[in-house]
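Here's a quick walk through some helix packing and a few charged pairs. Have a look at the model first.

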Amino acid sequence: MMELPTSTMTPTSRVLLVLTSVWFIAAAALGTRLAFAWDQQGKIPHQVLATLPFDQEAGSTAFALSQGKGFSNLFRQNTGPTAWLAPLFPFLLSLIFRAFGAYTISSFFAAVLVNALFSTSTTFPLFALVRHISGRATAVAAAGLWVFLPAGILMPFEWIWDTSLSVLLATTILWLTLRVSESRNSSFWLSYGLVCGLALLTNPTVAIVLPFLWFWAARRARNIAATPWHIPALALALIFITCLPWTLRNYATFHRLIPIRSSLPFEFWIGNNGIFDPHAIGGIQRITRYEEIRRYAQLGETAYLQDKSDLAIIFISQKPGLFLQLTGRKIIATWTGTEHPVADFLRADSLLVGTVIVCNFALTLGTVLGVWFLVRLKSPFAFPVAIFPLLYPVIYYVTHTSLRYRHPIDPILLFLTIAAIAGFRQSLLARVAEPSASA
């Protein structure tokens, strides 16, 4: 339906148009995130906020960068170069340290603001993506839910990490995938390749979906816009070129191929080790940060990660049944935020915790039903939209999981949930209309 010219609209219609504009929705999203941050910072001592949120790998590496020591010193110790993390967010955080001081409350507030802006900016590709698939009304609903999604409000403050930037990049990639699938514009395709490359340098987990998205977009573009294969091939080449300098740096430093980051063996071991076996004799009783940092410093990054890889493989080979059980628990935790959602909901001591669990359950159910409706309606966009929730979390099923790990695909899950609601509504209206038509 064409929108009426603003000169012919009533005052009420004009107000409604403003309230449903993507800019107003984005402003509301920024407001909810900053309001939560302001409330929380008043409850936590500022000396804690100046240090504790940065007391992790990204903060330590950013500190080394800000001190001119390069991408190194993973745990604020002189342990040398590292490839533990993808480089983009630590480099960004190092700029904040240079501007506002390392481990200061000003740097914390600046980092939270940057995270909030990333999370807020996600509103724009989300709105454009949903409007392209399902129309403006659905886009307004999906973007409106993003404003109030608990995880979206919590993450910019709770995690000084790449999480909020990954949300923006993942949503942008999916939107651009749809757009380039209808285009033969080489500049547009190259922009797509650049964004995908930057996403890999931020969060390599997106690598699991990119080949499928690229192939789908290239094939559809050839069918719809007669796009020659060399244009998508150039975009694919640009993805590799964007990541190549970092890969070459890693090879020169560690003398082995590390395309983006090296820490997968550690993540694999964290989720698969003897601490999960209550019947083990002489197994791991507990894992302490101090002991792991000490061992990392003692062995060096390469030997440390090889040791963790060997231990994880031994654990799985000796206890395949427990490995499958742990995988099932991680699948549940990925989608609900906890391994025991019902029990944790019943004993939740705060409204926020209960709300997060309920929202995660609703998004999980909505995602399944939304994919089903898109397939049933034979939507041409069902494949790229479904591939993110289907494949993106797989790596966390076999390593270890957290609510923040799934968060980059939450906007996509919101759309699928809205699609499910819209599908049920249409089915209900059709059933109501059937008796009237037969009469």
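Does Arg295 count as buried, partly exposed or exposed, and at what relative accessibility? Arg295 counts as partly exposed, since its relative accessibility is 25% (buried is under 20% relative accessible area, exposed over 50%, partly exposed in between, with a 1.4 Å probe and protein chains only).

## Ground rules

This is a predicted model, where local features need pLDDT of at least 70, side-chain atom pairs count only at pLDDT 80 or more, and totals for chains, interfaces and linings use all residues. Residues are numbered from 1 along each chain as its sequence is written, and side-chain values use heavy atoms, leaving out hydrogens and water.

## Salt bridges

There are eleven salt bridges in the structure (a side-chain nitrogen of Lys or Arg within 4 Å of a carboxyl oxygen of Asp or Glu). One of them joins Arg295 and Asp307, at 3.5 Å from N to O. Asp307 is partly exposed too, with a relative accessible area of 21%.

Asp344 pairs with Arg347, with the closest N and O atoms 2.6 Å apart. Here Asp344 is buried at 17%, whereas Arg347 is exposed at 59%. For Asp410 and Arg406, the closest N and O atoms are 2.8 Å apart, and both residues are buried.

## Helix contacts

Phe212, Leu213 and Trp216 in H12 meet Phe383, Pro384, Ile387, Phe388 and Leu391 in H20 (contact means heavy atoms within 4.5 Å; helices are DSSP runs of H or I, at least four residues, numbered from the N terminus). The residues of this contact are eight nonpolar, no polar and no charged (Ala, Val, Leu, Ile, Met, Phe, Trp, Tyr, Cys and Pro count as nonpolar, Asp, Glu, Lys and Arg as charged, and the others, Gly among them, as polar).

Notes:
Helix = DSSP H or I, 4+ residues; strand = E, 2+ residues; numbered from the N terminus.
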